[in-house]
Amino acid sequence: MRCSAVLIALNEQARIVDAIRSALPFVDEVLVLDGGSEDATCALATAAGARVLEHPFDGFIPQKRRATELARYDLVLSLDAERPRLKLHPHVRPPSVPPPSQPPEVLPFFVDTLGGLTTTTAPT
């Protein structure tokens, strides 16, 4: 299954590149929805390999929802540029690295959301 990572941004030039680079090895697309940045956010995001779209910022929830709707793939990972490092389960490897001999019991993504970890456990 293919996966998109989405970020909403507004004047995030100091953090956007790290956020994109942390996700690129694990997703098929990084989409940045910019809310009207007045700095180099869009140019830096494009140069880092993200697909960048713009829409005037109209609140966090509407902007996140819009970014999710604009993602190319049905599986969507929502990231936050203010917490730029994607935290992954130790068994997760970029596609170029062979998988471990035993599958992990936890699905791969540990995402830092508002200071906590969101995890999903695999059925047993």
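Hi everyone! When I say that two residues touch, I mean that they have heavy atoms within 4.5 Å of each other. Please keep in mind that this is a predicted model.

Let's start with Glu29, which sits in strand S2. Is Glu29 buried or exposed? Its relative accessibility is 4%, and the cut-off for buried is under 20%, so Glu29 counts as buried.

Who are its partners? Leaving aside residues up to four places away in sequence, Glu29 touches Cys3, Ser4, Ala5, Arg51, Ala71, Arg72 and Tyr73. With two of these, Ser4 and Arg51, the Glu29 side chain makes polar contacts, side chain to side chain. The distance is 2.5 Å for Ser4 and 2.6 Å for Arg51. Here is another one to find on your screen: Glu29 and Ala50 are 21 residues apart in sequence, yet their C-alpha atoms are 7.1 Å apart in space.

Now on to helix H1, residues 16-23. How many of its eight residues are buried? Six of them are, so to speak, under cover: Ile16, Val17, Ala19, Ile20, Ser22 and Ala23. What do these buried residues pack against? Their partners are strand S1 (3-9), strand S2 (29-34), helix H2 (41-47) and strand S4 (75-80). Strand S2, you'll remember, is where we found Glu29.

Finally, let's go out to the surface. Leu10, Phe57, Phe60 and Ile61 form a nonpolar patch there, and together they have about 420 Å² of accessible area. One of them, Phe57, lies in the loop between strand S3 (51-54) and helix H3 (60-70). Phe57 counts as partly exposed because its relative accessibility is 35%.

Technical notes. Residues numbered from 1 in each chain as written. Predicted model: local features only at pLDDT ≥ 70, side-chain atom pairs only at ≥ 80, totals over all residues. Heavy atoms only, no water. Buried < 20%, exposed > 50% of the residue type's maximum accessible area, 1.4 Å probe, protein only. Helix = DSSP H or I, 4+ residues; strand = E, 2+ residues; numbered from the N terminus. Polar contact = N/O pair within 3.5 Å; in protein donor to acceptor, adjacent residues only side chain to side chain. Patch = residues over 30% accessible without salt bridge, like charges linked within 9 Å, V, L, I, M, F, W, Y side chains within 5 Å. Areas by Shrake-Rupley, 256 points an atom, 1.4 Å probe, with all protein chains shown as cover. Salt bridge = Lys/Arg side-chain N within 4 Å of Asp/Glu carboxyl O.
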